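Me: I have just opened this structure and would like to learn how to read it. Could you take me through a few features, please?

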Amino acid sequence: MSTLLEVSGVTVSFDGFRAINNLSFQIGRAELRAVIGPNGAGKTTFMDIVTGKTRPDDGHILWGDKSISLVGMSEAKIVQAGIGRKFQKPTVFEDQSVQENLLMALRKNRSPLSVLFYRPNAADLARVAELAAEIGLDDALLRLSGELSHGQKQWLEIGMLLAQDPRLLLVDEPAAGMTPAEREKTTTILKEAAKTRAVVVVEHDMEFVRRLNCKVTVLHEGAVLAEGSLDHVTKNQDVIDVYLGR
Amino acid sequence: MNRSFIARNPSVLVFLSLLALFTLTVSVLAEGFGVGLISTSFVKTLGKTLCLCLIAVAMDLIWGYTGILSLGHFAFFGLGGYMIGMWLMYERTRQIVVTSLADGVLPPTPEEVEAAIGNQIFGVVGSSDFPLIWAFADSLTLQLALVVIVPGVLALVFGWLAFRSRVTGVYLSILTQAMTLGLSLYLFQNASGLRGNNGLSGLQNLPGITAPQSAVSLWFFWASALALGLGYLLVAWVVSGKFGSVIRGIRDNEARVRFLGYSVESYKLAVFTLTACISGIAGALYYPQAGIINPAEVAPIASIYLAVWVAIGGRGRLYGAVIGTAFVSLVSSWFTGGQAPDINLGFYTVKWVDWWLILLGLSFVLVTLYAPRGMSGLIDALPRRKGEDA
Amino acid sequence: MVIAPSPFDLPESPSLMKTLLLAALAALLLTNAAPAQTTPVQDILQSQSDLIMKSSRRTIGPAIDAIADSGLPQMQSVLEAWRAKDMWQRKSDGLFFAASKNDDGTLKLRSFEDNAVVGDVARNTLIQLKPNSGIRAMIATALVQFQLSDPDPTKRHAALDSISRDPDAALLAPLRASINGEDDAALLARKTRLNNLMTMTYDPDEASRVAAINAMAGDLGLDFRGTLNPLLITKMTVAKTGTTPDANVAAQLTPGTDALSRSAAYAILVDAGLAPPLVTQDARDDALRANIVAGYVADTPVAQLSTEAKRDAAYDALAAQSLAAPRVTDTDITVRLSEHQFFEVYAEPSPAVTTAAKAALAKSESRVAASQMVDLGLDALSLASIYFLAAIGLAITFGVMGVINMAHGEFIMLGAYTGYVVQLFVPNHTLSIIIAVPMAFAVTFAAGVALERLVIRWLYHRPLETLLATFGVSIALQQLAKNIFGTQARPLTSPTWLDGAWAINDVVSISYIRIAIFILALMFLGLFLFIMRRTRLGLETRAATQNPRMASSMGINTDRVNMLTFGLGSGIAGIAGVAIGLFAKVTSEMGGDYIVQSFMTVVVGGVGNIWGTLAGAAMIGGFQKGVEWLNPSNTLAAQTYMIVFIIIFIQFRPRGIIALKGRAAGD
């Protein structure tokens with residue numbers, strides 16, 4: 001399995017505090033990966049670095065078939081290269097309808113001029129409807145997304161990510177605040193997505209991770225502590241120390 | 001514009017119809033048409049108000065829709081006025097000069113004409129040479145182009161610098177305010193080439209036109225109404241589609257839009273520049289009706305008032321911006337013009353000239369606190385229709 | 001000697017008559033005794049009597065010299081009396097006396113020898129000497145040597161003042177003579193300095209002049225530079241090519257360079273009568289107008305003369321018919337210029353002196369430039385203090401709390417007006433300022449708390465709306481102040497001990513009020529650091545702004561903390577208002593002058609960091625003064641450039657000079 005994203009030797013510090021310390025990470029083209037770790041392990045900062053929000057002090061981030069370096073690219077360019085990100089807090093555009101949210105996310109030319117003259121055609125609307133069905137919002141297409149429930153907003157956000165048709169999906173705590181039924185559905189959506197693309201899920205909830213049934217990377221103090229199946233890493237003494245405290 | 005756009009945005013049609021009706025009514029009642037119920041000076045006031053409504057629409061696009069509280073759009077407005085003012089003043093002075101030189105024994109040379117115009121225009125700042133920026137002042141076409149180009153280029157350069165370095169929120173507001181202050185300080189200098197604090201004057205006189213002001217005022221009134229109508233239509237169209245979705249997204253959550261792959265900076269820059277151009281046009285129509293433009297017009301306070309009008313009207317709705325601006329600026333000129341009756345309390349007489357600003361300031365605080373949606377929020381309180389956002 | 005009172009002087013009562021007679025008798029006795037004494041003063045005066053009485057400026061010189069050079073100490077009072085028109089000659093014997101008028105119109109005569117009263121006499125027995133202004137000036141010059149050694153130091157200072165005001169070659173010798181006997185150190189220094197300065201110009205010996213110039217080279221005094229500059233005055237002269245003028249040449253100038261344009265060079269030739277004048281456009285047009293014959297000028301129809309080229313051609317045609325002077329063409333000018341050389345020539349004939357003066361002046365000027373840099377630095381420092389003072393309140397409300405308060409400028413105004421009102425009731429300026437500072441704090445603190453309670457606390461998460469709401473407050477407050485205090489500026493007078501300036505040398509000086517503001521700014525910095533770092537309020541403020549929910553869950557009353565912090569920031573603005581009001585005018589619009597700059601200071605410095613505000617103020621103040629120095633006539637331009645600079649600066653450091661990094665910055 002060839003590599004889609006390769007992070008090697010990345011270091012970031014804020015005012016002397018090393019949030020990420022010589023981190024290396026790889027993921028393949030169609031793979032589901034869970035990233036776990038205690039608070040402050042650097043999970044969110046890791047995502048910030050990949051998506052260009054934070055610039056690393058040191059190290060390489062190589063992307064795709066041509067192994068382009070992502071360091072120094074703007075956020076928008078990185079997204080256009082095929083990396084989608086879902087934030088911890090569901091952030092959808094609340095005063096716009098579900099349809100508008102999804103149309104905005106649809107993989108299209110994003111330059112201001114072409115957006116200005118863009119009017120959705122039948123194919124686009126069909127694709128939006130299809131996505132809405134996928135995330136269970138097909139009967140809420142014209143509702144304002146601010147009126148949706150918390151779980152629905154999370155799905156809408158995932159739907160927007162899928163609409164972008166990214167090759168790598170970074171998902172930050174998708175299950176937070178969801179009912180068990182909603183979690184079930186989220187798991188299905190993520191697993192489905194990972195069939196055609198790479199998905200990285202950052203999660204606290206071990207039960208949810210277990211349900212994803214995938215390879216797990218444990219972060220601690222900004223570096224990879226262990227990697228492997230969930231059963232494998234939970235048996236690792238370092239991991240136990242970190243989670244249970246020394 | 002395509003049919004479906006109007007169909008999807010019925011409020012645009014309502015607005016345009018009302019504007020047309022208003023224009024027709026004023027025209028029929030104006031002195032210029034002989035009925036004379038509306039004085040020429042009031043026609044000018046109404047025409048100026050329409051121009052202010054146009055810049056308010058632009059302000060609503062940049063602030064209400066894109067979330068950038070620009071405290072600099074009156075600078076663009078003023079620049080538009082200066083650009084057209086340069087031609088008006090040059091051409092009119094030229095005609096006067098040519099007439100007066102024609103009395104001489106020798107026919108005037110081009111150099112003599114130029115020197116005499118320079119003397120007439122720049123005598124007040126102790127100079128007679130034409131500064132470089134007047135290079136195109138003899139061409140109406142070029143100056144009309146500059147009405148759009150100068151504010152547009154300034155907005156493009158300033159916006160590129162500001163957005164590129166991710167200055168947002170109140171910081172950006174302060175930066176735009178600084179830009180306005182810088183421009184007005186520059187214009188205050190005699191060396192600016194735009195007659196320092198004298199500004200440009202006599203702009204109400206169209207060169208070569210002998211028609212009375214009662215007619216000229218109506219022409220400008222019509223032009224202002226047309227510009228407002230077209231501007232409104234353009235902005236309503238811009239905000240109606242996916243572009244509108246994106247800029248409203250930027251207003252609500254800039255980072256999220258960026259992570260959808262949109263280059264937020266380009267969008268902001270595009271909107272900032274577009275609104276600057278609209279402001280320039282509004283200014284170019286306003287100042288010939290006002291008759292004079294000077295650097296005080298560009299002072300930062302004017303741009304803040306603009307924000308006040310839009311906020312009172314209700315931002316995020318184009319008709320809100322228009323209602324707020326028309327209401328506040330007309331009421332304002334009523335109170336400060338001395339028409340409002342003083343209130344005698346026995347021990348103290350409330351003179352509205354003195355107290356209007358206090359009233360305005362406080363009502364502004366109240367609107368911000370208790371009616372963040374402004375006056376158009378009242379319209380929204382009526383039964384809501386879906387899909388109406390312009 | 002008979003006293004003959006004129007009929008007008010007749011006394012009115014017999015008793016008075018009697019006293020007068022007695023006095024006359026006494027006077028008679030005294031004057032009779034006088035000739036017995038030696039009378040060296042009178043002798044000299046008598047020897048010059050003719051010249052003195054002739055009183056002509058052209059001939060009086062020797063007489064004054066004889067008096068001044070006699071070496072008699074009494075001559076000072078002779079000259080003073082003469083100059084003051086108090087010297088009279090008695091008709092009967094030609095003797096000179098000092099006389100003063102009595103109330104009854106008679107004159108009281110005093111002898112010049114010992115200042116003894118000679119007697120009261122009627123005016124018509126004497127002739128008053130009325131030297132004209134020219135002679136009085138000569139007398140004054142002669143007097144200087146006496147005054148320079150006068151026992152009264154004030155008179156000696158006055159003499160030096162008069163010499164430096166109006167130096168003259170003749171004064172050099174008496175000045176030098178007085179140096180040796182001088183015992184007052186300050187006066188000695190002044191005399192020595194003045195001697196040096198006068199030597200440069202007036203000493204006949206070239207070597208001494210050069211030595212004097214070299215001795216003072218590099219001096220910063222205006223008097224020194226004022227003495228050197230006239231030595232270096234040049235004028236332009238023209239010489240035929242190949243010759244050099246017989247003079248102290250400063251430089252040769254080539255026409256067509258920056259130092260001497262071609263047209264200026266040609267104008268010199270015209271003035272010197274070495275070239276025909278140019279035909280100006282006006283002269284050409286006058287000639288054309290004068291030669292219109294039946295609608296034609298030299299075969300060209302008048303209607304065609306609408307370009308410069310056509311007019312030139314018509315004029316040339318006139319010139320060809322000898323109806324006008326031919327135009328001087330560019331070639332003519334070139335030829336004439338090549339025939340001549342242009343020199344700048346010193347008025348001062350001695351090259352040694354001009355060379356030394358030039359070198360000394362250059363040395364002085366480079367030191368002046370250095371001092372001006374220091375002065376500029378001090379100016380920038382004081383401007384920075386003002387910006388800092390205006391911004392420090394904002395550093396709290398905006399920098400720490402993140403509240404945009406557009407009414408901050410009006411709080412400054414409120415403080416200044418509080419000071420003004422206090423001065424209305426407390427006339428003593430020192431006391432009134434001492435009262436005004438806490439009063440201003442109290443007033444603006446209250447205003448700040450009210451604003452926070454009524455408006456700002458509802459808008460903590462809507463910064464743009466805070467901006468607009470506080471702007472509403474700002475215009476209301478401004479108009480309110482206008483209604484109460486009127487539109488004209490109100491004075492806020494500083495105590496007299498703050499008047500004046502601390503002059504370090506002739507170039508560098510700083511007014512005490514600016515020093516006071518600098519100290520005040522330092523005090524505020526200390527106060528800010530103390531409150532934020534050492535007090536409970538500071539701790540709670542930082543906690544409440546960094547994480548309000550966490551802070552309130554730890555028992556901090558964030559409402560109260562916000563209120564107090566905002567009040568504190570506003571109160572400091574009020575005190576800044578008093579300070580600013582002391583040197584700027586107090587008007588209802590003064591707040592607006594500071595608000596944008598204050599925000600810039602905080603933003604440029606870096607929000608949330610008082611050192612950043614300090615750095616921002618220093619940078620903006622320094623930059624503005626720097627631009628003003630490059631373009632001193634235009635403070636508006638300085639402000640314009642400053643804003644452009646700030647906008648560009650923000651490009652490179654969007655978070656200010658001292659930026660918070662990482663998550664604390666809070667995207």
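Me: How are helix 6 and helix 7 of chain C packed against each other, and at what angle?

Reply: Two packed helices are described by the angle between their axes and the distance between the axes. In this predicted model, helix 6 (residues 133-148) and helix 7 (residues 153-165) of chain C pack at an angle of about 140°, and their axes are 8 Å apart. Their crossing is left-handed.

Me: Which residues meet there?

Reply: From helix 6 of chain C come V144(C), Q147(C) and L148(C); among their partners in helix 7 of chain C are K155(C), A159(C) and I163(C). By class, this contact has five nonpolar, two polar and two charged residues.

Me: Let's move to helix 20 of chain C. Which of its residues are buried?

Reply: An α-helix has 3.6 residues a turn, so residues three or four places apart point the same way. In helix 20 of chain C, the buried residues include I517(C), L520(C), F524(C) and F528(C). Their cover includes helix 16 (351-400) and helix 25 (610-630) of chain C. Helix 20 itself has 23 residues and reaches 32 Å from its first C-alpha to its last, close to the 33 Å expected.

Key:
Residues are numbered from 1 along each chain as its sequence is written. Chains are lettered from A and ligands numbered from 1 in the order in which they are written. This is a predicted model: local features need pLDDT of at least 70, side-chain atom pairs count only at pLDDT 80 or more; totals for chains, interfaces and linings use all residues. Axes are lines fitted to C-alpha atoms, for helices over the stretch in contact, and angles run from 0 to 180 degrees between N-to-C directions. Helices (H or I, at least four residues) and strands (E, at least two) are DSSP runs, numbered from the N terminus. A crossing is left-handed if the near helix is turned anticlockwise from the far one by less than a right angle, and right-handed if clockwise. Two residues are in contact if their C-beta atoms, placed from the backbone, lie within 7 Å. Ala, Val, Leu, Ile, Met, Phe, Trp, Tyr, Cys and Pro count as nonpolar, Asp, Glu, Lys and Arg as charged, and the others, Gly among them, as polar. The expected span of a helix is 1.5 Å times one less than its number of residues. A residue is buried if 20 or more other C-beta atoms lie within 10 Å of its own, exposed if 12 or fewer, and partly exposed in between; C-beta atoms are placed from the backbone.
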